[in-house]
Amino acid sequence: MLMDYRGEQVVIIGLGLTGLSCVEFFRRRGVTPRVMDTRFAPPGLEKLPSDVPRHLGSLHKQWLLDATLIVTSPGVPLSHPALAAVAGVAIIGDIELFAREASAPVVAITGSNGKSTVTHMVSEIATTAGWQIGLGGNIGFPALTLLDSLCQLYILELSSFQLETTHSLKTAAATVLNISEDHINRYPLGLQQYRAAKLKIYHNAEVCVVNSEDSLTLPVRGYDSRCISFGVERGDYYLRQHAGQIWLMAHGEPVMKSSELRFGGRHNYTNSLAALALADALGIPSAASLTALRQFRGLAHRFELVHERRGVRWINDSKSTNVGSTGAALNGLEVTGTLYLLLGGDGKSADFTPLIPWLKGDQVKLYCFGQDGAKLASLHPEAAMLTETLEQAMRIIGSQVSAGDLVLLSPACASLDQFSNFEVRGDVFTRLAREVG
């Protein structure tokens, strides 16, 4: 049943595509919201209807105090003083608005790492099975725009920030792929506060797909009857080494060889297991799942082989914006020569020391750049070179590599100190790899 918002004093914080989708949502329901953004020229401003009141450059405290419903951008923490001063008013996000009105089944995916890959895998699987899907949330289209088309399944990638303001989401299947330290600058109480936000995805889930090797991904009360597990060595879905091959296993039965996949990396094999588990939970025929996984090429900037020449491989993993993701990229990495590892950017107050076990030995050379470059170089100072920029590091590496070497950009940091986003950083790496490699 559609909710009636007429009579509400609605304030929307944050513009961009998501903010505009919220404006359109309310206007269709006979409500003209007020819009505010801390930026003076936020993206999408030119598309905001002229009759919608707006306040730019800061948060309008009186508007917030007058509101009966506040819809905030995931980028604005609930601890913001202007929001903390508002008492007795619901503060929600666009995902909550979506959840109240979605009529088709929802599958929801979160985790510190791999969520975009798994979300796209499930999308390809459902599409291969002939299902009409709506894909969005933290990637693709804003969730509210998905309500405009007929769908048999909604597939949502959700961030911890989005989940903080979501309460009514009911899912046919949901997963927390992994939990590792990230966004600690947003979660002053540490990892458990971050985890609590992620685990909200399970609250009304019919099936919970959990990581058997990461206990932090279990529901608050632990493993229960809703849970299905995946992992490298154990779980309902796992990997098995047999006759020199790695097999993807489901409930004890081999379903496909890892060599049939078009992308490498053990973390991507486990991502495939998670996607299989979600698809099975949704009742998608396994034949469609396996066909789609065989065709899936992986996503740009996620452990993407972008250049190979004279026996040297160059891999763009710019999406690894935290320690856990870089650790996953390094885990099980096979290099016959030297690994040239590019680290750097804004570490978001993270502890980098968990990377140390992968940085030992003579066959690893670190090239560290950006805001936290010096901190990263201190992890293995004997093998580290500190540069100001990614480009400087790449030009040095280009003069040193030889056959059998692997150059990996897996920065363990956000990109915003030197780039507009991780995609631009990855594009710069790719261009330079082809230029110097």
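Author: Buried means under 20% relative accessible area, exposed over 50%, and partly exposed in between, with a 1.4 Å probe and protein chains only. This is a predicted model, in which local features need pLDDT of at least 70, side-chain atom pairs count only at pLDDT 80 or more, and totals for chains, interfaces and linings use all residues. Residues are numbered from 1 along each chain as its sequence is written, and side-chain values use heavy atoms, with hydrogens and water left out.

Reader: Is T117 buried or exposed?
Author: T117 lies in helix α5, helices being DSSP runs of H or I with at least four residues, and strands runs of E with at least two, numbered from the N terminus. Leaving out residues up to four places away in sequence, T117 touches N268, N271, F296, L299 and R302, where contact means heavy atoms within 4.5 Å. The relative accessible area of T117 is 6%, so T117 counts as buried.

Reader: Which elements do the buried residues of α9 pack against?
Author: Helix α9 covers residues 286-295, and its buried residues are A288, S289, L290, A292 and L293. An α-helix has 3.6 residues a turn, so residues three or four places apart point the same way. The buried residues of α9 pack against α5 (115-128), β14 (253-257) and α8 (266-282).

Reader: How many disulfides does the rule count?
Author: A disulfide is a pair of cysteine sulfur atoms within 2.5 Å. By this rule the count is zero.

Reader: Which cysteine has the sulfur nearest to that of C22?
Author: C22 is buried, at a relative accessible area of 3%. C22 is in no disulfide, and the nearest cysteine sulfur, 18 Å away, belongs to C151.

Reader: What is the radius of gyration of the protein?
Author: The protein has 13 helices and 20 strands. The radius is taken over C-alpha atoms, and the globule rule is 2.2 Å times the number of residues to the power 0.38. For 437 residues the rule gives 22 Å, and the protein is close to this, so it is as compact as a globular protein of that length, with a radius of gyration of 23 Å.

Reader: What percentage of the residues count as buried?
Author: The C-alpha atoms fill a box of roughly 70 × 50 × 35 Å along the principal axes. Of the 437 residues, the share that counts as buried is 55%.
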